[in-house]
Amino acid sequence: MSVNSTILSLPEEELVHPGNRACAGCGLSILYRIGLKALGRNTILVVPPSCLTVLQGLYPIAATQLPCLNVTFASTGAAATGVIGALKALGKTDITVAAWAGDGGTADIGIQSLSGACERGENFIFICYDNEAYMNTGVQRSGTTPQGVITTTTPIRGKLQPKKDVPAIMAAHNLNYVATGTAAYPLDFYDKIMKAKTITGPKYFHLQTPCPAGWGFDPRYSVKIGRLAVESGLFDLYEIEHGEFRLTGASLKLLGKKRQPVAAYFESQSRFRALTEEMIADIQKQVDEKWAGYEQKMAKKMKE
Amino acid sequence: MHIIESGNVAAASGVKLARAQVIAAYPITPQTPLTEKLSEFVDAGEMQAEYIPVESEHSALAVCIAASSTGARAFTATSANGLLYMVEQVHWAAGARLPIVMCVVNRGIGAPWTVWNDHQDSISQRDAGWIQLYACDHQQIIDTVIQAFLLAETVSIPVMVCYDGYLLSHTYMPFDVPDPDKVDEFLPAFKPAYALDPKQPANLNTVTLPDIRPDVRGNLAPGYMEIRHNLHVDLRRAIDKVAEIDARFQKIFNRGGHPFIEPYCCEDADFIAVCLGSLSYQLRDVVDELREEGLKAGVAGLRLYRPFPEQAMVELLAKAKGVVVFEKALSYGNQGALFTDIKAALYPGPARPFVKNFILGLGGREIKTADLLKTFREACTQGPASIDTPQWIGLKL
């Protein structure tokens, strides 16, 4: 990252009103507040049904100060396209168009219109906040729910299938910019949005947003748990800029360092209670292999 | 300027003259040549519009919904299963009060697969809150598309322009392409009632509670039910607007005069056939024949199906002895939708002609004029004798 914002360098102006409808400890609300500061006032938002729909307020009261189009669940990418098309037709070329969807609205029901918009090369920022289940409807499994997680539709054995790797799917669209972010490190997200605004074409963000109600932890630990996901090497902060992958922020700093055991992360949330010791050991092995790959890549880069 | 072209090209020419600014469509037979023509207009620089080749019909209408919400004149077109795939968006566009125009090139819906004409697709969307206009020939297609934009933008309600797949979409007929300057006079540039604008931010289509609710200043805002009631009231008011726009069109282009129903030999008719689309022109031959036989027959082609022009319909039919409704669609398990609408319209009146219902032409089954003649004649001569409703024409069981 070329820019490194500090909490003091962020714009003071708040674009999200206080007293919105987010739950206590909502990871999304942290990144929504910081993300809107980065996007700025000259932005049009497109939002499908999700916790964000509720967070933004019930008619006629709105928590956001940006113009926002609420759209049907499956249509976010196409709706963003429509806004962009109209702005082009009307000769308004300086407005940022940002779609902000949950994991269901991105990875599952929303993936077709997202893929279509990205294939067409639409100039917009798509932000997926991944709380790893259908939280707005009451914690049902989604394509990005990790393996083994207890949800209301995987109530006993946990989810049997592994998490869908959406950033990799979006990277396969040959986008100019793909990045991850987490509510535990909002400044990393801020800097990445600022960078994305300078890049043309579709930009994809995948954000991990801890959810106390859905994940089963005390709301005061949202940031702590988000950090543990990064420190254990389970969730990685990275960006893929014009095809080039690099770790960023706290994940970059983990290279060559000892990571937290994944078991510590799993123990912090009741949703992982169905995981057996064997499963945890297996996941630890997968994470170790992934990180060995990162280390190798880094070593190769240093040589070059 | 008169040209000989297909119905799809007539529609595309209307969209071009109307200066649509954002066009999004997904190909489906028999709509395809319409969208191909529009992409050609845009690619050749003959039309200043954004043509967006979306990956589905659901997305096609999503693009139009968003573009219209941003303040651009938006158009899409589809048929059959394409229309059904976008149903969620069809209802959304009406609820959001967006003046989108969509051509529905009528085709039967699967299963089993059919690509041929009937009206089940658009009739299935009669309750969505859109205005539905049906065209009978190529001239009506181009004229109706142009009028549809003015109508939609006048009442902030989306409009479907429906015309028969293949029978009109793929046949070639001479028609007049209106003068562009006159179209500009008829249809001014789109001025949205509201639009997404960072300078005046608004949160559109928010979750709305069952009851009315005050805003931050204490002013009461409508609830869901008030918003939906307003849509209904404005749809009913749109009936007058359809007539006003038709009159305005007639003044400038010297065509029109039948905004709701196009009658043929109905003035003194004892028996009137009612239908949608090009079938009404085929029935004119039948009427001519029956008149020669001494039966006072007429045919009424319904142009405006939603909102339903009850008053005009009752005025036309009340003096007749019998009404015969021919339909290329069916409310399965009941009767034809138009038939039930007509019966309901006639019920409160003092004189109630008998009303019969015939289903025909589903999935493109050929409609033979001889069959129409026989059916219409028998329906008239047998009088009010009760028959199982509906009857099917051309069925080979």
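User: Does Ala263(A) count as buried, partly exposed or exposed, and at what relative accessibility?

Analyst: Residues here are numbered from 1 along each chain as its sequence is written, and chains are lettered from A and ligands numbered from 1 in the order in which they are written. This is a predicted model, in which local features need pLDDT of at least 70, side-chain atom pairs count only at pLDDT 80 or more, and totals for chains, interfaces and linings use all residues, while side-chain values use heavy atoms, with hydrogens and water left out. Buried means under 20% relative accessible area, exposed over 50%, and partly exposed in between (1.4 Å probe, protein chains only). Ala263(A) therefore counts as partly exposed, at 22%.

User: Which helix holds Ala263(A), and what distance separates its C-alpha atom from that of Cys68(A)?

Analyst: Ala263(A) is found in helix α11 (residues 262-267) of chain A; helices (H or I, at least four residues) and strands (E, at least two) are DSSP runs, numbered from the N terminus. Ala263(A) and Cys68(A) lie 195 residues apart along the chain, and their C-alpha atoms are separated by 40 Å.

User: Which strands stand at the edges of the open sheet, and why is one side of each left without a neighbour?

Analyst: The open sheet has nine strands with mixed pairing, in the order β8(A)-β7(A)-β5(A)-β6(A)-β4(A)-β3(A)-β1(A)-β2(A)-β9(B). Each edge strand has a single partner strand, so one side of each is left without a neighbour in the sheet; these strands are β8 (244-247) of chain A and β9 of chain B.

User: How many bridges join β3(A) to β4(A)?

Analyst: Strand β1 (residues 43-47) of chain A pairs with β2(A) in the parallel sense over three bridges, and four bridges join β1(A) to β3(A), also parallel. In the latter pair, Ile44(A) has Val97(A) as its bridge partner. Between β3(A) and strand β4 (residues 125-130) of chain A, which run parallel, the number of bridges is five.

User: How many of the residues of β3(A) are buried?

Analyst: Strand β3 of chain A spans residues 96-102. On one side Thr96(A), Ala98(A), Trp100(A) and Gly102(A) are buried, and on the other Val97(A), Ala99(A) and Ala101(A) are buried.

User: What area do chain B and chain A bury between them?

Analyst: Contact means heavy atoms within 4.5 Å, and 41 residues of chain B are in contact with 41 residues of chain A. Buried area is the accessible area (1.4 Å probe) that two parts lose on being put together, summed over both. Of the area buried here, 65% is on carbon and sulfur atoms, and the total is about 3,200 Å².

User: Which residue of chain A meets Glu50(B) in a salt bridge?

Analyst: A salt bridge is a side-chain nitrogen of Lys or Arg within 4 Å of a carboxyl oxygen of Asp or Glu. The rule finds two across the interface of chain B and chain A. In one of them, at 3.9 Å from N to O, the partner of Glu50(B) is Lys88(A).

Key
Two strands pair if DSSP finds at least two bridges between them.
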